[in-house]
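Thanks, everyone. I'll take salt bridges first, then a helix pair. Please have the viewer open.

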Amino acid sequence: MDILAEIRTLLGETLGLQQRCAQWQRETPLLGSVAELDSAAVIHIVASLEERFGVYLDDDDIQATHFETVGALAALVEGKLAQ
C-alpha cells in the first residue's frame, strides 16, 4: 500500500483540493499553509485516517507536529500500522 498516495487522496477529498493534493510530496507543508485545513477539517481527516487505514488515533496523536507536512501525517499512519 502506498500510504503517501492514500494520504494525498484523503486530503484531496476532505479539503476539496484533489488536483492540488495530487502534486503534494512528503515535504509539502500543511498546517498554516493550507487555508482549508481548519479545526473541522482536522476532525474529518482524523476520522478518515482511522476508517481508511484501520488505525486508532488517540488524543495524544492529534498534535500540530503530525499535521505540519504531508510526510508527518504519513509517518503518523505508518507508525500506527507498525504497532
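A salt bridge here is a side-chain nitrogen of Lys or Arg within 4 Å of a carboxyl oxygen of Asp or Glu. Keep in mind that this is a predicted model.

The structure holds four of these bridges. Start with the network: Glu6, Glu13 and Arg52 are linked by salt bridges. Arginine 52 pairs with glutamate 13, closest N and O atoms 2.8 Å apart. Arginine 52 is in helix 3 and glutamate 13 in helix 1, so the bridge ties together parts 39 residues apart in sequence. Glutamate 6 also bridges to arginine 52, and there the closest N and O atoms are 3.4 Å apart. That pair links helix 1, residues 3-15, to helix 3, across 46 residues.

Glutamate 6, at 29%, is partly exposed. Glutamate 13, at 46%, is partly exposed too.

Next bridge. Glutamate 78 meets arginine 26 at 3.4 Å, N to O. Glutamate 78 sits in helix 4 and arginine 26 in the loop between helix 2 and helix 3, so parts 52 residues apart are tied together.

Now the helix pair. The axes of helix 3, residues 39-53, and helix 4, residues 70-82, come within 12 Å and cross at roughly 40 degrees. The two helices are therefore oblique to each other. The crossing is right-handed. Which residues make the contact? Helix 3 brings Ile45, Leu49 and Phe53; helix 4 brings Leu73, Val77 and Leu81. By type, that contact has six nonpolar residues, no polar and no charged.

Methods
Residues numbered from 1 in each chain as written. Predicted model: local features only at pLDDT ≥ 70, side-chain atom pairs only at ≥ 80, totals over all residues. Heavy atoms only, no water. Axes fitted to C-alpha atoms, helices over the stretch in contact; angles between N-to-C directions. Helix = DSSP H or I, 4+ residues; strand = E, 2+ residues; numbered from the N terminus. Parallel < 35°, antiparallel > 145°, perpendicular 65-115°, else oblique. Left-handed = near helix turned anticlockwise from the far one by under 90°. Contact = heavy atoms within 4.5 Å. Nonpolar A, V, L, I, M, F, W, Y, C, P; charged D, E, K, R; others polar. Buried < 20%, exposed > 50% of the residue type's maximum accessible area, 1.4 Å probe, protein only.
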